[in-house]
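Hello,

Here is the structure I promised to hand over. Please open it alongside this note, which goes through what was found.

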Amino acid sequence: MRITHLSLRDLRRYREVDLDLAPGLTIVRGPNEAGKSTLQRAIELALTRKVTSAASDIESLVPWDGEPDARTVIGMTFTYEDEDGGSHEGRLEKSFRGARGQVSLELGGKAITDPARADEELAALSGVPTEGFFRSTASVRHHELAGLQRDEGALRDRLQASISGADRGTSRARKKLERAIQGLQAKGAKNPGRLKVAEDAVTDTAAKLRIGEDALARLERDRDALAVTREHRSESETALSERRSMLEKARQAERLVSDRNAARERFERYRSAVTLNDEVAELDRTHPSAIPLPVLRADVERLRTADTKIGTLESMLEGEVQVNFDVAPEVRWRPLSRTAVGLVGAGVAIAVLGTLLGILGIIGEGARTLIVALGIVAVVPGLILSVVAIWLRRGDKTEKQLRDEEVHRRLRGRSEIEEDLRVAQAERDELLARLELPGTAEAEERLRLEEAHVAEIDQRRARLGGLIGDEPIDAMPGRRDAAALEIDQKTSALDSLGPIAHEPRARERLEVEVADAERQLERARDDEASARARVEQNPVDAEEVAGLAERLATWSDDLAALGRRERVYVRTLAEINAAEQATMQRATRYLERHMVADIAKVTGGRYRRVRVDDTNLGIEVFAPERRDWVPVTDLSQGTLDIVYLTARLGLVRLVTGDRRPPLVLDDPFVTLDDTRAPLALGLLREIAADFQVIYLTTSDRYDHLADSVVQLAGPTASDVSTEPEGVPPA
Amino acid sequence: MLRLLHTADVHLGARHADLGDAAAAQRERQFAAFRATVDLALAEKVDLFLVAGDLFDSNTQPRRSVDRVAAELARLAQARVRTVIIPGTHDVYDRSSVYRAYDLAALAGTRPAEELVTVLTPDRPWIHFAAIDAVVLGPVFATKRAPRSPLKDLAAVATPPATWKIGLVHAAIAIPGRTDNDEVVITTDEIAASGLDYLALGHWHSVQTAKAGSVVYGYSGAPEPVAVDQDRAGKVLLATLDQRGGRKYVTTEERTVGRTVFERREIDAAVIESQPALVARLRASADADLVLDVRLIGVRPDDLDVDPAEVEEALRGAFLRIRVRDLSRPALSQGALPPAETISGAFIRNVEGRIADLEAAGDDPAVLEADELRDVLRLGRLLLAGQEVTL
């Protein structure tokens, strides 16, 4: 692409200007403030700036003395080649009016007015996609070279900017990203990064929330447990109540059974009493004898006596009694007594004799003892015989009395006996008559029967007395019936109590169960109290926990957004680094190949070897004096400028590929001496075969090398007035 | 004639994770809506005040919340308005139920014999009000997930004879494919066979009424919206049951008690000129009762630099809550690309190539990574071009 004509209206110092440019090398020469940089800026804007741009720098392009509605208009005519190498002419006019900006691009007879499309077409023609790209490649400003030597990294940065495709290189982008990442990732406690702040907040809030949620869950569990214990307590109370009720029934049953048994006992007693009473009455009514037993017994006794007497008397009368009172019985005791006296006397005499003899010493001791023993032997039988004699004498005395009685009776006579017999018989008869019995045997039988009867009555009465004591016998039937009624009532009451009334040892069992149930209830109450205490002691507030959850959600969202932002920054940095690394390797190899000839040419063959560091674009040349590689920053400013420019132009070739943007150079050779400057410009002339070169300079030393020279007039107006009011003179 | 006010799903103490620092205010608004419901019941002199479940958002609500509710119920009781409440799925009548933990009737200062405040439970599924000739049946379960439909065999439940039979159920009406996993589900056939005159429903937060057979039923919805998608919330139902000429007539009327409005607004990032323009545009619809959920969608041009947090901060106070989420995707590179031999050109081509691969993969992780890479592309492109970018 080669610009053949450039027209500017209302652009900085230009109200309106038209310039013709050579397709090869054009020198635009003018003094300071002649508008050279404005021309460079106009070409940049025309090729890259969207006409609808609302950027503030567009506003500042309008001349100070322009009309109020003046807007910058840049027009150009240019030639371009198609893919077949055919040359065509195109026209461009851009009117910068903010959103109302207009563009007209004529290509191949077609006019394009859509700003975006027009810029796309221009970028395709020039190979310059953006303004920054243009400034970093084909548009070289003078100030870029200034200070290269002062700042070792400046050369590398600027070359990197060229290769970055932007006018500020990657370092600024990298620094900005690194700062942003640092700002996010800083872990220090004093100045924590936003990520750390968010992470800490999430961690802290999550921990608090977890505690809160745990407390809420515990509250639910405790309330659940409280409900369970409450139910358990209620069940225990019910069970205890039931057990107590059953126990009361069992006790009631016991009392009823006891009462019923008592009633039964009374019933039996009263019933027995009544029966006995009836039996006694019956027995009283059926005595075998009409005569009371004592009288009967006395009568029978008398009857018995009478019978004996009668029998005796009759026997006496009939001689049935034999008494031998004719011969006196022999006295048996007398011989015995005499013998006994004799023996005792003899024995005593012998013993006395022996003793005397012994005392007198007539006989010896042995003889005396023998004699005394003989005396004793005689005494003992004598004493025995005397006892027998006494016993015989007593018998004889009784027999003598009987014999004397017999003798007396015999002496009374028979009539008296008969009289006695009659009396006795009369008495017996009288007794039998009274007894209405035929004989003593019947009387005896009657007495036996009566005695048995009376004994029977006495026995029953005794039993009756044992049964009722002092109670009136007449009340017995009523009491018996009352007892029977009570038995029925107690039985009904027992039946109404259910099976428990009939269960043996139910009270003992239930007392144990009640005690168990009481203990169980006590435990259930304790459990309930504990559960209630746990519920009441739980200080959790669901709304506070909700607030924590909500804060956590907010912080989590922030953290996620920051995390995403961090990932984007880190990834962007990594992608830029990767792109830079790949690009730099290609660029350094390209530069090493293409710069050598240019540098050798400009330096007159002094430097013929160049090498470029593919990590930072640091350039070294082989210095013949030192016979070593030296960084270009160690060389003179002029040489450095040449190296930079050749590298820059080399990069333009690299990055624009088959496109040929116009090169606009704002006097980059200003530092070269008069020997090297033409050589350098000669290099540009060679380049001008491929690229249109527009060289802006204040010097005329290049005029003879140019295809065209455009001379710009310097500023004409001068300040003739006094200093502005209020500002003191310099 | 019997008049009743039907509400449900108050969800007192609900969590609003999406409302941020406005959540507490929204909880307060939910209670305010409940108080407004009580005010309406008193103003309309209704006979019955029905709460069809989920009065509380959970069973672990603090005592002060229960006390506040009890104070409102006390106002109803003082006006002799009978309140009947059933537990729902959030305040389910399990062992840790808030209704077991606290005796609402006692806290409201009523005596059991008055039956002015009644919580129906599995043990007490209905209540007969002889004075108003009505029976309220509220079949509930002790589990969050119902073992059966609460309306099953409802018509066979033996209750004292009354002119009006009113049902109180917290359940979803069966919609195949949508309610399959719901905890409590009923069908319109069951409603029609319930023998009720009016069925007060809870569980769905948007108001709606309908008729199944001869049974009029309705969801009152939440008196104050609980979430963004409850566009028909904020209402209660006023029902009138009348008998004329031997025929029963049931009419319902929606009344508004809630204030909060939720709105989800999507804005195409391509039409946003700048962040200040976006703020100005949103400020135009400022509303202190509005929870505005703004989503920037579409393709975001490179020159649009929007920080959602800054937008939210700029509009703080203009809304009850504004949430701005940038779901837009940065544009891919437009126009002529820098040459491939430049760092910028290589960067753009590398990243765009990876984005294309990921978007072609189509799965969620790849799409998410592609979205991030679009931001990487935009950021790197702008930074390499030397443009100002807010980081």
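**A pair of strands to start with**

Start at Val291(B). Its bridge partner in β18(B) is Arg321(B). Keep in mind that this is a predicted model. The two strands around that bridge are β16 (residues 287-297) and β18 of chain B, which pair in the parallel sense over seven bridges. Is β18(B) enclosed or open to the outside? Six of the eight residues of strand β18 (residues 319-326) of chain B are buried, so the strand is largely enclosed by the rest of the structure.

**Confidence**

Chain B has a mean pLDDT of 92. In that chain, 99% of the residues reach 70 or more. Among its elements, strand β2 (residues 48-52) has the highest mean pLDDT, at 98. The lowest is 88, in strand β19 (residues 329-330). For the complex, the predictor gives an ipTM of 0.89 and a pTM of 0.68.

**The six-stranded sheet of chain B**

Chain B holds an open sheet of six strands with mixed pairing. The order is β4-β3-β2-β1-β13-β14. Its edge strands are β4 (117-119) and β14 (247-256), each of which pairs on one side only. Neighbouring strands are turned by 20° against each other on average, direction ignored. Within this sheet, β1 (residues 2-7) and β2 of chain B run parallel, joined by four bridges. Look for Thr7(B): its bridge partner in β2(B) is Val51(B). Which helix packs on this sheet? That is α1(B), which touches β1, β2, β13 (235-244) and β14 of chain B. The direction of α1(B) makes about 175° with that of β1(B).

**Where the chains meet**

Here 42 residues of chain B are in contact with 56 residues of chain A.

**Chain A**

Chain A has 730 residues, and 34% of them count as buried. Its secondary structure comes to 18 helices and 14 strands. Take the contacts in chain A with a separation of 6 or more: residues 24 or more positions apart account for 76% of them.

Chain A also has an open, antiparallel sheet of three strands, in the order β9-β10-β11. The edges are β9 (610-612) and β11 (628-631), each pairing on one side only. On average, neighbouring strands here are turned by 30° against each other, direction ignored. Three bridges join β9(A) to β10 (residues 619-623) of chain A. Arg611(A) stands opposite Glu620(A) in β10(A). Helix α16(A) packs on this sheet and touches β9 and β10 of chain A. Its direction makes about 155° with that of β9(A).

**Nonpolar cores**

In soluble globular proteins, nonpolar side chains tend to be buried together. The largest nonpolar core has 138 residues. Those with the most contacts inside it are Ala42(A), Ala680(A), Val693(A) and Tyr695(A). Helix α16 (residues 542-602) of chain A gives the most to this core, with 19 residues. A second, separate core has 82 residues, including Ala77(B), Tyr99(B), Ala108(B) and Ala171(B). What does Ala42(A) touch, leaving aside its neighbours within four places in sequence? It is in contact with Leu6(A), Leu8(A), Leu11(A) and Ile74(A).

Best wishes

Key:
Residues are numbered from 1 along each chain as its sequence is written. Chains are lettered from A and ligands numbered from 1 in the order in which they are written. This is a predicted model: local features need pLDDT of at least 70, side-chain atom pairs count only at pLDDT 80 or more; totals for chains, interfaces and linings use all residues. A residue is buried if 20 or more other C-beta atoms lie within 10 Å of its own, exposed if 12 or fewer, and partly exposed in between; C-beta atoms are placed from the backbone. Two strands pair if DSSP finds at least two bridges between them. Two residues are in contact if their C-beta atoms, placed from the backbone, lie within 7 Å. A nonpolar core is a set of buried Ala, Val, Leu, Ile, Met, Phe, Trp, Tyr and Cys residues joined through C-beta atoms within 7 Å. pLDDT is the predictor's confidence in each residue, from 0 to 100. Axes are lines fitted to C-alpha atoms, for helices over the stretch in contact, and angles run from 0 to 180 degrees between N-to-C directions.
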